[in-house]
Amino acid sequence: MIKSRPVLGLLMAVTMAGCSSTMQPAPQSVASADTSSQITLEDLYKNKKYDAKRLGSVRWMEDGTSYTSVEKAEGDTDAKDIVRYDAGSDKREVLVSAKMLTPEGQEKALEIDDYQWNSDQTMLMIYTNSKKVWRSNSRGDYWLLDMKSGKLTQLGLSSDDVEPATMMFAKFSPNDKAIAYVRNNNLYSQSLQDYSIKQLTTDGKGHIINGIFDWVYEEEFSIADGFRWSPDGKHIAYWQLDTSNVRDFTMINNTDELYPTLTVFPYPKAGEKNSTVRIGVVNVSNAKTRWADIPADTDDFYIPRMGWAGNDDEIVVQKVNRLQNTNDHYLVNIHTGKAKEMFVDKDDAFLERYYDVEWLNDGQNFLKISERDGWRHIYLVSRDGKTIKNLTPGEFDIISIVHVDKAAGKVYFTAGKDSVLEQYLYSASLDGKGDITRITPAEFKGNNSYKISPDGKLAVHYFSNVRTPTQYSIISLPDHKNIRTLIDNHEVKEEISKLALADHEFFRVPSYDGTELDGFIMRPANFDPKKKYPIIFYVYGEPAGQTVKNSWGGSLTLFNDYLTQQGFLVASIDNRGTRSPRGREWRKDIYRHIGTYASKDQATALDEMAKRFPYIDTSRVGIWGHSGGGSMTLNMMFRYPDKYKAGIAVAPVPDIRLYDTIYQERYMGLPDTFTTETGREAYNQASPITFAENLKGKLLLIHGTGDDNVHYQGSERLINKLVEYNKQFEFMSYPNRSHSLREGKGTSLHRMTMQAEFFKKNLMN
């Protein structure tokens with residue numbers, strides 16, 4: 001999806017037992033006119049003065065009363081321990097010390113990039129020496145620690161010449177007898193008795209990849225690990241992709257070596273050919289694969305989800321057509337390969353989220369998330385697909401399933417039931433009887449997420465709002481009683497309280513057809529309603545994101561505060577089509593009209609805001625956004641040139657034909673296969689570059705040359721078009737930076753300083 005992703009990974013850092021104060025939500029709006037303390041960009045992006053602490057990766061133990069986390073070992077060292085906490089007290093013990101993770105003959109302990117326990121937690125697998133693949137570190141080395149003997153063994157070594165950091169997605173079999181992993185596009189298993197290694201597939205080379213995915217599957221379907229153990233540990237089901245039909249994209253690196261180097265990878269752009277995909281099930285004992293015989297008139301389809309069907313003999317395969325409006329679920333017999341249809345989910349526009357099947361009642365029923373009644377709900381479906389019951393009825397969207405408590409007969413989920421700007425935890429009965437129960441108390445007004453223990457009795461609670469950095473605590477369920485505060489981030493709250501922060505107001509305004517749009521506006525702490533202020537809009541506008549929500553935004557929120565301290569108003573509007581939990585019609589009204597309807601919403605919102613807030617100086621309006629927000633910035637500057645005086649487009653998609661098949665075709669259809677009102681003409685009308693000739697305001701274009709997601713190619717095409725029309729603009733390229741534009745010393749400070757100075761120069765006069 002077109003968005004800038006936060007840096008993900010195992011965040012290790014905090015001693016969680018140190019804080020014991022009761023967590024108190026902060027006020028929703030702060031207008032600190034009584035202080036003159038100002039934000040500096042150096043403090044924000046270089047000194048990290050206002051960075052909140054983050055909770056390390058928490059893993060619940062199977063007993064449900066304790067969890068583990070990775071923390072810095074004692075002493076002057078970079079080594080880490082794995083620490084076990086009793087969830088209900090301050091009791092802490094070092095379960096796995098850095099010394100235990102130091103290989104024989106080495107001085108340094110293994111760096112813990114990730115870890116996993118076997119089923120009875122007698123063996124620990126450490127993921128280390130990880131290397132980047134696209135935007136995540138998904139290949140590296142794996143070591144096994146026997147908790148009883150203390151023996152530490154490197155896995156995946158069949159000979160001395162095995163390349164380091166080439167194992168991917170290693171995981172224990174359910175029976176704990178082996179691990180499986182991918183190396184160089186092939187699947188392997190390794191016995192945990194004698195450590196012998198068996199190669200399970202041999203055709204993984206060139207364009208054939210087994211157990212992992214190509215770029216577009218990983219990006220748009222959010223899947224990277226492409227294989228699944230059977231419950232009995234005797235078979236492995238896996239994806240196989242053939243990328244031979246996909247054209248390669250090439251990126252050039254001009255700076256790291258004496259001569260330029262190239263990165264080449266298959267990337268299917270809208271309307272181009274995709275990888276073909278099929279599902280195989282390999283018998284671990286004899287390394288023979290049986291292929292699933294999925295009914296299809298063409299090989300042009302996707303398989304975004306696959307998993308075992310509640311037993312050892314069947315898998316469930318979700319096949320989605322290229323238009324992404326039909327998701328067929330098939331039960332496949334692994335011994336014969338034969339498939340039978342069990343469930344179909346359809347939409348007149350598109351399907352955009354895919355979920356693994358959660359089996360209940362010994363495989364007789366499963367849970368399914370669908371928008372079939374116009375809202376995103378959880379359904380209980382019989383194995384044959386004939387009985388479908390809505391477990392969460394009502395005019396609201398669930399956001400995600402958090403936990404299925406089979407023993408208690410309930411499902412926990414987050415939803416926008418009480419506010420589309422906020423997220424709370426609810427529960428519903430798995431039999432469809434009884435009312436939906438809100439679990440999150442009213443005092444936690446804002447964004448709430450949870451990591452629930454295996455027995456459903458405890459949870460790690462993550463809470464924030466626009467003026468409260470994320471707080472972490474252990475709570476009990478279902479009463480939501482605070483058991484222990486882990487991190488309350490009081491230090492950063494105290495620092496922020498010293499600042500002259502903006503007044504932050506949520507509101508709604510009507511669009512051109514009466515549709516209500518959510519927005520926020522931030523006014524300077526020393527705001528004078530009799531004055532006129534320039535205004536800067538932060539925009540995203542694509543289906544992949546939501547900017548208007550009551551959650552902590554970190555440095556982005558404080559950058560907005562910085563702008564208000566410079567004398568600006570700051571605002572944002574979520575146009576229709578964004579990921580707000582406002583129902584199917586809200587999200588899918590933009591089908592085949594990406595860019596056009598959304599930009600009209602944004603322009604209308606500006607007009608309506610000017611009526612409501614007379615202190616907005618409509619002659620000094622700025623706008624900026626990153627990724628999809630960069631595209632929307634171009635749309636507003638080109639389609640409504642008289643409304644916007646200055647704009648900054650960061651890593652935009654000026655021509656949507658340059659973006660990938662899965663994302664772009666989901667919302668726009670195929671470029672070549674529709675009538676003149678859609679098809680190629682629709683892609684033209686949806687692309688900002690089509691309207692570049694209209695530019696009047698000041699434009700700053702920013703892009704990283706190493707962007708594998710939204711290619712630098714698009715900005716170069718836009719540059720050519722602006723030059724053709726003699727449209728003057730400013731441009732900044734960041735060598736070898738990816739889509740996030742975070743790599744390289746000083747990059748964030750440099751970019752945000754440039755953006756702030758651009759707006760001061762062009763909107764303050």
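Mentor: Rolling a probe the size of a water molecule over the atoms shows where empty space is left. On a 1 Å grid over the protein atoms alone, a cavity is a set of points where a 1.4 Å probe fits but cannot get out. Grid points are joined across faces, edges and corners, and a volume is the space filled by probe spheres set on the points. Searching the whole structure in this way gives 5 cavities of 30 Å³ or more. The model is a predicted one: local features need pLDDT of at least 70, and side-chain atom pairs count only at pLDDT 80 or more, whereas totals for chains, interfaces and linings use all residues. Residues are numbered from 1 along each chain as its sequence is written, and side-chain values use heavy atoms, with hydrogens and water left out.

Trainee: How much space lies in the largest cavity, and which residues lie nearest its centre?

Mentor: The largest cavity holds about 180 Å³ of space. Its lining, meaning residues with an atom within 4 Å of a point, comprises 16 residues, and Asp345, Leu351, Arg353, Ser370 and Glu371 lie nearest the centre. Strands S23 and S25 (365-370) are the elements that give two or more residues to this lining; S25 gives the most, with 3 residues. Here strands are DSSP runs (E, at least two residues) and helices likewise (H or I, at least four), numbered from the N terminus.

Trainee: What is the make-up of the lining of the largest cavity by class?

Mentor: There are 4 nonpolar, 2 polar and 10 charged residues. In this scheme Ala, Val, Leu, Ile, Met, Phe, Trp, Tyr, Cys and Pro count as nonpolar, Asp, Glu, Lys and Arg as charged, and the others, Gly among them, as polar.

Trainee: How many salt bridges does the structure hold?

Mentor: A salt bridge is a side-chain nitrogen of Lys or Arg within 4 Å of a carboxyl oxygen of Asp or Glu. The structure holds 41 of them. One network of salt bridges links Asp347, Glu352, Glu371, Arg376, Asp397, Arg584, Arg587 and Lys588.

Trainee: What does the salt bridge between Arg582 and Asp518 tie together?

Mentor: Arg582 and Asp518 meet at 3.2 Å, N to O. Arg582 lies in the loop between strand S39 (569-574) and helix H5 (584-588), and Asp518 in strand S37 (residues 516-523), so the pair ties together parts that are 64 residues apart in sequence. Buried means under 20% relative accessible area, exposed over 50%, and partly exposed in between (1.4 Å probe, protein chains only). Arg582, at 16%, therefore counts as buried, and so does Asp518, at 4%.

Trainee: Where do Glu724 and Lys721 lie?

Mentor: Both are in helix H10 (residues 712-724), 3 residues apart, about one turn of the helix. Glu724 is exposed at 54%, while Lys721 is partly exposed at 26%.

Trainee: In what order do the strands of the open sheet of 4 strands run?

Mentor: Two strands pair if DSSP finds at least two bridges between them. The order is S20-S21-S22-S23, with antiparallel pairing. Strands S20 (301-308) and S23 (339-346) each have a single partner strand, so one side of each is left without a neighbour in the sheet. Strands S21 (residues 314-321) and S22 (residues 326-333) are joined by 7 bridges; Lys319 has Asp328 in S22 as its bridge partner.

Note on methods
1 Å grid on protein atoms, 1.4 Å probe; cavity = no way out; pocket = protein on both sides within 12 Å on 5 of 7 lines; lining within 4 Å.
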